[in-house]
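Work through the exercises below with the model open. Each task is followed by its solution.

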Amino acid sequence: MNFGAILIGLSMLVISVTFVAIPFQQRSKKKHALPVKHMEPEEHRLAVLSSLRDLDFDFQLGKVSEDDYASLRARLMAEAAQSLQEADKVDEVEALIQARKASKAKSPACENCGQAIESGIRFCPRCGTAVKSSCPSCGKNLKAGDLFCSSCGYKLITQAGVAS
Amino acid sequence: MIADIGLIALTIAFLFSVYATVASAYGGWRNRSKWVESARNASLLVFPLLTVSVLAIVYSLITLDFSLAYVYDVSSQAMSPFLRVTALWGGQDGSVLFWAWLMAGFVVIVLLRKWERDRELMPYVIATSMLTTAFFVGLVLFITNPFQHLWYQYGAPDAIKAVFQPANTTLYIPQDGGGLNPLLRHFGMIGHPPTTYIGFTGFIIPFAYAIAALITGKSRGDEWIRTTRRWTLVAWIFLSIGLILGGRWAYDVLGWGGFWGWDPIENAMLMPWLTGTAFLHSVMMTEKRGMMKKWNMVLIILTYSLSLFGTFITRTGVISSVHAFSKSALGPAFFTFIGLTFIGSIYLLYWRWDTLETEHSLESFVSRETVFVLQNMLFLAITFAVFWGTVFPLISELVTGTKITVGPPYFKSVTGPLFFVELLLMGIAPLFAWRKQTVKNLGKAIWQPFAGSLVVSIGWGYLHRMHPMSIIGLWLVAFVVFCILAEFWKGVKARTSSKGENPIQALIHLIGRNHRRYGGYFIHLGVILIALGFIGDSYFKQETQGTVTAGERLVIGNYQMRFDGLRGYPGSDGREIVEANLTLFKDGKEVRSLQPRRDYFVVQEQPVTVPGVYSTAGKDVYIMLLDWEVSDIDQQATFKIYINSLINWVWIGGFVMIFGTIIAAWSSPKQLETTYVLKPGMSTSLPAVQEV
């Protein structure tokens, strides 16, 4: 075998092995687990939508009688509503998780003494400094009694009541 | 040196495809994303590495590096550079490499496009597709290596083929090669293998997703079907084009005046096409109604296994002779792999059987669902009949020692009626609505196409006094065509009245808003036009044969052919040509001069008959020069003439099918969302859904 060919072959091998080994050298923060996505409610919604569209179109073309159309459509609409609810449920769960993460990351503290401030408290229990209320999501100042952040729309009502 | 680089690239590609299989399976199993990502990188490398290999072979073919046995086998000095490139798939060794290369290409496209979206399925998609790629690259490397040299051993009658130098030999470099098989030097044969291979290998994607869905338990949803629908369509249309090009090649080159002979190799391509077509339809049932999930799995496993089986039959020559099977290690290796793939997939399916329960049951027997189920059953029945007829000679030879072949009569009589019903269903299925359909409505939709088709077929039959079966065949074609046209008509009418568009706008919008539905109708139209070609071939074919001296005429139907003389001259690619000069008359009027030829390839000692064809939409006059005798006094020649009615509709139908597939593959769920919204807050009463 030609020496030049061996040299080129070796360099192909080295480049390839390096490329294949890249993922093992990266120190990514994410753990080993593969990301998981929720697609099923979305799939369901699309399927129902396309069924609805087909049914409407078939009705328009006179393939379905009026009685059948009414009953089939009512059933499909109920399915569609259900699929939207499912999708909402997934969104709600996602939102709760996000909120939990956010509040953990930015647990508010007293400006003066650094005491951790629980939600709903107006004055620091340790030094008495008035607590400036700020949005836990974007940090924007809030007025007393706000239910949502005026800047980012963050929902301030949590299980504990209105966040400070 | 170039060939050596190709060989090294091939070896590295093999190592990485094996690594990718193992690493992705391990990463998926243990949930280690680094392993999966590494496997992905390895899979991405296989394609460029194989490309280096393919380019090395192509370069050797063009530059006529006869130190390679493969180049010596399929290339020669007399061949044009273009033909030398096509020699890549003109022989066994090159074509297996080409196969592996295409498959690796499909895998790269999937990995680049779908990596982020289908992360859960990806480990097993990589494992499944790379396992197959590894198998094929392994075949190339260890059994059908195109980088083998010829070695000469003193005293031995033949040169030895080996990659590395055996003891006591010297490298043998011939002066010129054997050249590509003359029968393969035709545009049909140049396009046929690549399109067929793209079709065969393309089914790996839906198959790999199906297997991944089974392993991960995601088979319950239909995400894998949505992801792979377009891949399946692409594979399917390439297989269709491959079938049609193969038919065109047979028609132009093989010289028996037909385009489909139920040959084992043709059947080997037809079978995955049949199950693939069934799969394309049954996935709609899952998408729309959550039904037939198990059935989809069965169909994609069958389709992919039959694709492998098709390659197996073509590449090992096992059907023409059982002995070809054991001649090289290719046959047993292939057979084992197909067996393992099939059994492994069926086991996975059995394991997940309970998760594939249907979400709905049939609401009414008069519904599109019922037609779909029937249609699927028929496709499977036809596949089984073709399979049985194809492997029967093999089984009879194994069991009794004598080979009993079943010819075209078996296939025609068994599959003919099944195809008839299948085509009929194709016509009426679009008239049914999903879920439920009243018989009254159905009757209303059917009677007009039915009446129209009766008038056309009976009128035509009466005018031309044709075979009764042909009238039934023509009725079927007319009926299906009318049904499809009626669908377009109704759609256009609905739009013109509800949206006030003019008919052309309405037609464009109609197709634009419903790509899949109307693309499908175009494909159906193409299929029925091809059926028209088959009817012409079965019932309207005329033939005659005769020997004439120069100046004499042969008569067939209302055509006359006058023989004007012969001439011989050397042609390109190392062939000697004898050409007859003919004048064709229709009803006594001269229409065309024709030159049927006999090309003799000197090196290969092979004659090829090139017919002279006068082609119109209705019929082809197809004339072959069979034999000739030249004396001092006169010239005599023997001709065979066919009148092939309606044959051109096969090719026209093929183009319509391609057009329809392009339309059908266009749509996407996103578009659906933008054109159709569910308005929140509305009650479930009518009409809450509006088109915007």
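A residue is buried if 20 or more other C-beta atoms lie within 10 Å of its own, exposed if 12 or fewer, and partly exposed in between, with C-beta atoms placed from the backbone. Helices are DSSP runs of H or I with at least four residues, numbered from the N terminus. The model is predicted: local features need pLDDT of at least 70, side-chain atom pairs count only at pLDDT 80 or more, and totals for chains, interfaces and linings use all residues. Residues are numbered from 1 along each chain as its sequence is written, while chains are lettered from A and ligands numbered from 1 in the order in which they are written.

**Exercise 1.** Describe the burial of H8(B).

Step 1. Locate the helix: H8 spans residues 204–216 of chain B.
Step 2. Count: twelve of its 13 residues are buried. Among them are B:Ile204, B:Phe207, B:Tyr209 and B:Leu214.
Step 3. Find the cover. It includes helices H5 (92–114), H6 (122–142), H7 (187–202), H9 (223–254), H11 (293–316) and H13 (330–351) of chain B.
Step 4. Look just past the helix: B:Gly217 has a positive phi of about 80°.

**Exercise 2.** Characterise the side of chain A that touches chain B.

Step 1. Count contacts (C-beta atoms, placed from the backbone, within 7 Å). 48 residues of chain A meet 43 residues of chain B.
Step 2. Assign elements. Helices H1 (3–25), H2 (40–60) and H3 (66–105) of chain A each give two or more residues.
Step 3. Sort the chain A side: 29 nonpolar, ten polar and nine charged. Here Ala, Val, Leu, Ile, Met, Phe, Trp, Tyr, Cys and Pro count as nonpolar, Asp, Glu, Lys and Arg as charged, and the others, Gly among them, as polar.

How values were computed. The expected span of a helix is 1.5 Å times one less than its number of residues. Two residues are in contact if their C-beta atoms, placed from the backbone, lie within 7 Å.
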